[in-house]
2 protein chains.
Amino acid sequence: MEKKNFLCTGCQKKYPLDRTFPRCDDCFEPLEVEITQGEISKKRNYISNNYTLNQNILDRYASFYPLSRINHKLSLREGFTPLIPTNQLSSILDLDNLYLKNETVNPTWSFKDRGTFVCLQHAKNLGYTRIGTVSSGNMAVSVAAYGARANMQTFILVSSDMPLEKIQPILIYNPVLIKVKGDYGQLYYESLKIGQETGIYFLNSDVPFRVEGSKSISFEICEQLGYDVPEYVVIPTSSGGNSRGIIKGFLEFYQQGLINRLPRIICVQLEGCAPIYQAWKNKDEKISPVQEPKAIDHAIANPYPPSGNELLRKLRMYDGMVTTVSDNEALESQVLLAKEGIFAQPAAAVSIAAIKKLRANGIIDKKNKCVAIITGSGLKYSGILNKHSFGSETCTLKTMKEKIVSILEK
Amino acid sequence: MEKKNFLCTGCQKKYPLDRTFPRCDDCFEPLEVEITQGEISKKRNYISNNYTLNQNILDRYASFYPLSRINHKLSLREGFTPLIPTNQLSSILDLDNLYLKNETVNPTWSFKDRGTFVCLQHAKNLGYTRIGTVSSGNMAVSVAAYGARANMQTFILVSSDMPLEKIQPILIYNPVLIKVKGDYGQLYYESLKIGQETGIYFLNSDVPFRVEGSKSISFEICEQLGYDVPEYVVIPTSSGGNSRGIIKGFLEFYQQGLINRLPRIICVQLEGCAPIYQAWKNKDEKISPVQEPKAIDHAIANPYPPSGNELLRKLRMYDGMVTTVSDNEALESQVLLAKEGIFAQPAAAVSIAAIKKLRANGIIDKKNKCVAIITGSGLKYSGILNKHSFGSETCTLKTMKEKIVSILEK
């Protein structure tokens, strides 16, 4: 394998791949792994010779990842999530070819597992025995789970105002969980510094090898669609890291000659916390922090996204776009997605809300093939179900038949 | 394909496959589909030509299922769940080869989706436009999800004392949910009768084509282990339907010559509701209902399991066994499983508790290859997390480094 480097996404400065500080010393923009070419391995499998079942992403796509060594024992067989054609949603949205990339069936029920698994390899290869992250949601759960599996001391830094019901699903994996009082945006930058000083590898959202993990979403979509690239890929966007990875994945398959064009990427934010959209609309080069974020689902409400500037650059370079939807549109889309049998968290349902909006205003054509990334499970945030009004019926065993017949006659 | 029948598991009476009443007219024991032989299809795929990704169980194992027609639009790509080798658990349990079959990453995060998908095909083929189930947990969620995807009117009958937080994750899929006052065991039998009278296909736990769905768990385990059959397969057991299907799956691969022996099946129940274990221990032929079930997780607490008698027969015929664990052992096993990165509901963690117990008393040998079925996600029942005592730390941004250093020095 050709030797690869990290490149600064801002100034293109090169850094060696054994660097752990994820940002440029000069311009402080996030680093990324140089474009890597590889081939799909249909043979490799981490526990048996049966290649069609049980591959993990670093089995099948290993050569696209410049890792000196891969420890498959750390895998929970993340990725290879279903790509589901829609039935009712196609009619409701008047869109012939809509597919749902269901990331809710990953090992910790969100897309984060891909990046955690890949990034953990980098940490291990550099000799780290401790990892951490700054997160209060899906990333914290994912890092705690993989840290446990790897038997590494795992530091989860959360905001001190985080409620117990959000912390418990992290704590079951037994990490060192620290509630930190103070500005949450600042906490991210502090973690980078402290990580360097104390020997903890922080697998935060913008770390290059976490972004690499998200490439596999694109690889799978290409394969699952028989290399017939969709016109649109729609991504719920918070920190920007997942969108960066998905863009890079399509680029690598394109440069490898596996696909003959790129999809148009649509990033979606919630109106109440849309720093990337704001910068996009104002044609700014840099993200301005949102002062008072108000969004229904914390998982898509990063007020100062670490990958924001770089995502803006990539979207401009490759004809992408950013849009917003309201809290109510996100909730409505939760119900729409459930009609296809998928219960997504509101943060994940925004991709459907965006498609509905862009279909209505004609940007997406009825004939366009679209893939909506469904980033995380609705069970992650079941409290939100109180915002919906559902009906139910009541009867006794004796009156049950009568009740059912009366419903059937309606 | 050779024409198949239903056989009564009690008296062997034959019934045609277009029958919907799931039990024998004479002895009232559950019916099952005759043993079917088939072959694994590595080519078939419901959306693209890429056979290695995105197959569903009725793509790959189609010929093992005597269905006149398969509608792949109803699929959420259930099954093909990971088989995960253990790291720390192997040491903790002193067991060289332990694998976790992680059913928590199915479309509605439990094993139930396999049976719902297969059974729905049978309902569709017979012309049904309405389905239903009696369940308050994983099966209700699964049937509601697939009913929505199939755009069929879906009746979910639950006990009237079911709390709102358990009902909401069913209601998001918009079924007709009916809370029924009266004896819950009776409700199951009533549903069979009313289903016949009103044209609703009830996909309950013992329906033959639901049991057929569970066969795919065994098929996958065989393939994932390269046809090297494990000595033990350990299954959390409530209604008994899943265990019946898993036993049948191994039998069919055995009769097909794909494997050269059968694993020993271990069914696990909770001490507070163990009707199958009681009958097993007492050498009874029939299950006696548990009068006052007291179990920490409703998902494994069926006081009068519809498939109980048949499961007893099959376990006796094929050298299986039944064991119990306590609520506390289930909780402790939740923590053990989390060390491997899997957060399971207590009902699912009992398989680990059973292995620990049987390893300690020497029934399972250190060198035996064991597969634990992990039936459902911990997020299904997050209220249980209050039963665990977890620790966390607190600091401010300023004191964070000091706090981390003090933890590292411990």
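The model is predicted: local features need pLDDT of at least 70, side-chain atom pairs count only at pLDDT 80 or more, and totals for chains, interfaces and linings use all residues. Residues are numbered from 1 along each chain as its sequence is written, and chains are lettered from A and ligands numbered from 1 in the order in which they are written. Chain B superposes on chain A by a rotation of 180° with 0.0 Å of shift along the axis (RMSD 0.0 Å). The two copies are thus related as by a two-fold rotation axis.

**Chain-to-chain contact**

- The superposition of copies is by least squares on the C-alpha atoms of residues with pLDDT of at least 70 in both.
- In the interface, 83 residues of chain B are in contact with 83 residues of chain A, contact meaning that C-beta atoms, placed from the backbone, lie within 7 Å.
- On the side of chain B that touches chain A, helix α13 (residues 400-409) of chain B gives the most, with seven residues.
- That side of chain B divides into 40 nonpolar, 26 polar and 17 charged residues; Ala, Val, Leu, Ile, Met, Phe, Trp, Tyr, Cys and Pro count as nonpolar, Asp, Glu, Lys and Arg as charged, and the others, Gly among them, as polar.

**Elements that meet across the interface**

- Strand β14 (residues 393-396) of chain A and strand β8 (residues 176-181) of chain B run parallel and are joined by four bridges.
- Helices (H or I, at least four residues) and strands (E, at least two) are DSSP runs, numbered from the N terminus, and two strands pair if DSSP finds at least two bridges between them.
- Within this strand pair, T396(A) stands opposite K181(B) in β8(B).
- Helix α6 (residues 184-198) of chain A crosses α13(B) at roughly 35°, and their axes come within 11 Å.
- Axes are lines fitted to C-alpha atoms, for helices over the stretch in contact, and angles run from 0 to 180 degrees between N-to-C directions.
- The crossing of α6(A) and α13(B) is right-handed; a crossing is right-handed if the near helix is turned clockwise from the far one by less than a right angle, and left-handed if anticlockwise.
- From α6(A), the residues E190(A), I194(A), E197(A) and T198(A) meet M400(B), K401(B), I404(B), V405(B) and L408(B) of α13(B).
- The contact of α6(A) with α13(B) has five nonpolar, one polar and three charged residues.

**Three-stranded sheet in each chain**

- In chain A, three strands form an open antiparallel sheet in the order β2-β1-β3.
- β2 (14-16) and β3 (31-33) of chain A stand at the edges with a single partner strand each, so one side of each is left without a neighbour in the sheet.
- Strand β1 (residues 5-8) of chain A is joined to β3(A) by three bridges, and the bridge partner of L7(A) in β3(A) is E32(A).
- Helix α7 (residues 208-224) of chain A packs on this sheet, touching β1 and β3 of chain A, at about 45° to the direction of β3(A).
- Chain B also has an open sheet of three strands in the order β2-β1-β3, with antiparallel pairing.
- In chain B, L7(B) stands opposite E32(B) in β3(B), and helix α7 (residues 208-224) of chain B lies across β1 and β3.

**Helix pairs within a chain**

- α7(B) and helix α8 (residues 241-255) of chain B pack at about 55°, with their axes 6 Å apart.
- That angle makes α7(B) oblique to α8(B); angles under 35 degrees count as roughly parallel, over 145 as roughly antiparallel, 65 to 115 as roughly perpendicular and the rest as oblique.
- The crossing of α7(B) and α8(B) is right-handed, and the residues of their contact divide into seven nonpolar, eight polar and six charged.
- Helix α3 (residues 112-125) and helix α4 (residues 138-149) of chain A pack at about 45°, with their axes 9 Å apart.
- That makes α3(A) oblique to α4(A), and the crossing of α3(A) and α4(A) is right-handed.
- K112(A), D113(A), T116(A), F117(A) and L120(A) in α3(A) meet N138(A), M139(A), S142(A), V143(A) and Y146(A) in α4(A).
- This contact of α3(A) with α4(A) has five nonpolar, three polar and two charged residues.

How values were computed: Two residues are in contact if their C-beta atoms, placed from the backbone, lie within 7 Å.
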